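Please find below a note on the model under review.

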Amino acid sequence: FSAAALAMGWFGAVAAAAHAIAIQTASTSFMVPMGIGQAATARVGLALGAGRMADAARAGWVAIGLGAGFMAMMAVVLLLAAGVIARGFLDAADPRAAEVATLGATLLAVAGVFQLADGVQVVAAGALRGLADTRVPMVFAAIGYWVLGLPAGLALAWWAGLGPAGIWMGLAIGLTVVAGLMLARWRRLSAV
């Protein structure tokens with residue numbers, strides 16, 4: 001996301017402002033599943049340490065379900081209220097406010113699409129940490145974000161002509177791949 005912010009600067013001030021709106025909003029919704037992921041680390045680790053693998057698996061699945069449920073609700077909010085949210089960040093008297101709000105709403109809609117994946121990946125990563133599995137999830141994240149997500153976003157932005165929205169679509173691709181990999185690994189390692 002930091003690299004995406006740098007890339008947004010190449011598209012100018014409107015793109016950077018729209019990105020700031022979208023990233024602030026997406027980061028705020030992300031805090032809930034991130035907290036659930038940290039709780040999953042503790043609950044899964046405690047159950048595993050007590051030799052209760054079935055309880056560890058249940059704790060992880062419940063956490064993943066909670067994170068996914070919350071982010072599904074946030075996806076609906078972002079998809080239905082993207083324009084309202086974007087305009088809430090801006091001074092209507094600013095001559096470029098309408099342009100920023102329009103692009104900000106587009107980026108928020110893309111963020112709405114990846115909310116579920118973002119929630120699942122962070123909670124699954126937390127559950128995997130509870131199983132002391134950290135190296136493989138780190139590789140998944142590196143591949144998903146740096147090898148797939150960022151290059152896809154840059155390609156969509158420039159070669160496909162999608163501009164700033166293309167960068168956010170690349171982020172969505174990376175998050176979705178990482179979420180799938182983390183969930184598959186959790187499913188395999190938590191099987192009792």
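The points below go from the chain as a whole to one residue.

1. This is a predicted model, in which local features need pLDDT of at least 70 and side-chain atom pairs count only at pLDDT 80 or more, while totals for chains, interfaces and linings use all residues. Residues are numbered from 1 along each chain as its sequence is written, and side-chain values use heavy atoms, with hydrogens and water left out.

2. The protein chain has six helices and zero strands (DSSP runs: H or I of at least four residues for helices, E of at least two for strands, numbered from the N terminus). Its radius of gyration, taken over C-alpha atoms, is 18 Å, close to the 16 Å that the globule rule (2.2 Å times the number of residues to the power 0.38) gives for 192 residues, so the chain is as compact as a globular protein of that length. The C-alpha trace spans about 60 × 30 × 20 Å along its principal axes.

3. Of the 192 residues, 45% count as buried (under 20% relative accessible area, 1.4 Å probe, protein chains only). Among contacts (heavy atoms within 4.5 Å) with a separation of 6 or more, 79% join residues 24 or more positions apart.

4. Ser 190 lies in helix H6, residues 164-190. Ser 190 counts as buried because its relative accessibility is 3%. Its side chain reaches the backbone oxygen of Trp 186 at 2.7 Å. Leaving aside neighbours within four places in sequence, Ser 190 is in contact with Met 53, Ala 57 and Trp 61.

Key
Buried means under 20% relative accessible area, exposed over 50%, partly exposed in between (1.4 Å probe, protein chains only). A polar contact is a pair of N or O atoms within 3.5 Å; within protein, one must be able to donate a hydrogen and the other to accept it, and residues adjacent in sequence count only if both atoms are side-chain atoms.
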